Amino acid sequence: MAVNQELVGREFPSTAPYLVGREKVREFARAVFADAPQHSDVEAARALGFDDVVAPPTFAMVIQDLTLQQLLAQEDSGIVLARTIHAEQRFTYTRPIVAGDELTGQLRVTGIRMMGGNAMITSEAEISDASGAHVVTATSVLLVGAEESTDEGQAA
């Protein structure tokens, strides 16, 4: 099945709230080699004006992943995970993510571009805090490879 072009414009419900934990921020920072002190040291973060440790910019992917799982679970999507790679990622921040934030994400598919049987699916996850204020927009492009041909006459 080909990628469903009718996904464009589809919006998904907000995810359940995700409470950003201090240790999760520290673990993520270590994993991505973000060694600036505000990612692990509360006092360093407070000296910069934050209430707690500050997540590295790519931490928003943790919440965006929850939104992308909704897309991937759509039976009518035509997206086959085994043929899908994460091709591109961008973040547009209003403010940094800080430990203690309670975040939700809402995904919208903004475009599908077909290229020789392959599909590039662009989506935006609007990530907001508990008050409803925008924190970050995470834009992702998934590349879904074309279905393999099953022609009998192909050489091995």
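Q: Why are E1 and strand E3 (residues 102–115) said to pair?
A: In this predicted model, E1 and E3 are joined in the antiparallel sense over 2 bridges. Pairing asks for at least two bridges between the strands, so 2 bridges meet the cut-off. Within this pairing, Leu 19 stands opposite Glu 102 in E3.

Q: What is the strand order of the open sheet, and which are its edge strands?
A: The 5 strands follow the order E1-E3-E4-E5-E2, with antiparallel pairing. Strand E1 (18–19) and strand E2 (84–93) are the edge strands, as each pairs on one side only.

Q: Why is Thr 15 called buried?
A: Its relative accessible area is 11%, and buried means under 20%, so Thr 15 qualifies. Thr 15 lies in the segment before E1. Its contacts include Leu 66, Thr 67 and Thr 104.

Q: How do you know that the buried residues of helix H1 line one face?
A: The buried residues of H1 (residues 22–31) are Val 25, Arg 26, Phe 28 and Ala 29. Viewed down the axis of H1, they fall within an arc of 165°, so they line one face of the helix. These residues pack against helix H2 (42–47) and H3, while Arg 30 and Ala 31 are exposed on the other side of H1.

Q: What makes Glu 27 and Lys 24 a salt bridge?
A: The closest N and O atoms of Glu 27 and Lys 24 are 3.8 Å apart. The cut-off is within 4 Å, so this pair counts. Glu 27 and Lys 24 are 3 residues apart in helix H1, which means about one helical turn separates them.

Q: Why does Glu 27 count as partly exposed?
A: Buried means under 20% and exposed over 50%; Glu 27 has 39% relative accessibility, so it belongs in between. Lys 24, at 45%, is partly exposed as well.

Q: Why does Asp 101 count as buried, and Arg 95 as partly exposed?
A: With the buried limit at under 20%, Asp 101 at 12% relative accessibility is buried. Arg 95, at 25%, is partly exposed. Asp 129 counts as buried at 14%.

Note on methods. Residues numbered from 1 in each chain as written. Predicted model: local features only at pLDDT ≥ 70, side-chain atom pairs only at ≥ 80, totals over all residues. Heavy atoms only, no water. Helix = DSSP H or I, 4+ residues; strand = E, 2+ residues; numbered from the N terminus. Buried < 20%, exposed > 50% of the residue type's maximum accessible area, 1.4 Å probe, protein only. Contact = heavy atoms within 4.5 Å. Arc of directions from axis to C-beta. Salt bridge = Lys/Arg side-chain N within 4 Å of Asp/Glu carboxyl O. Lists of a residue's contacts leave out its neighbours within four places in sequence.
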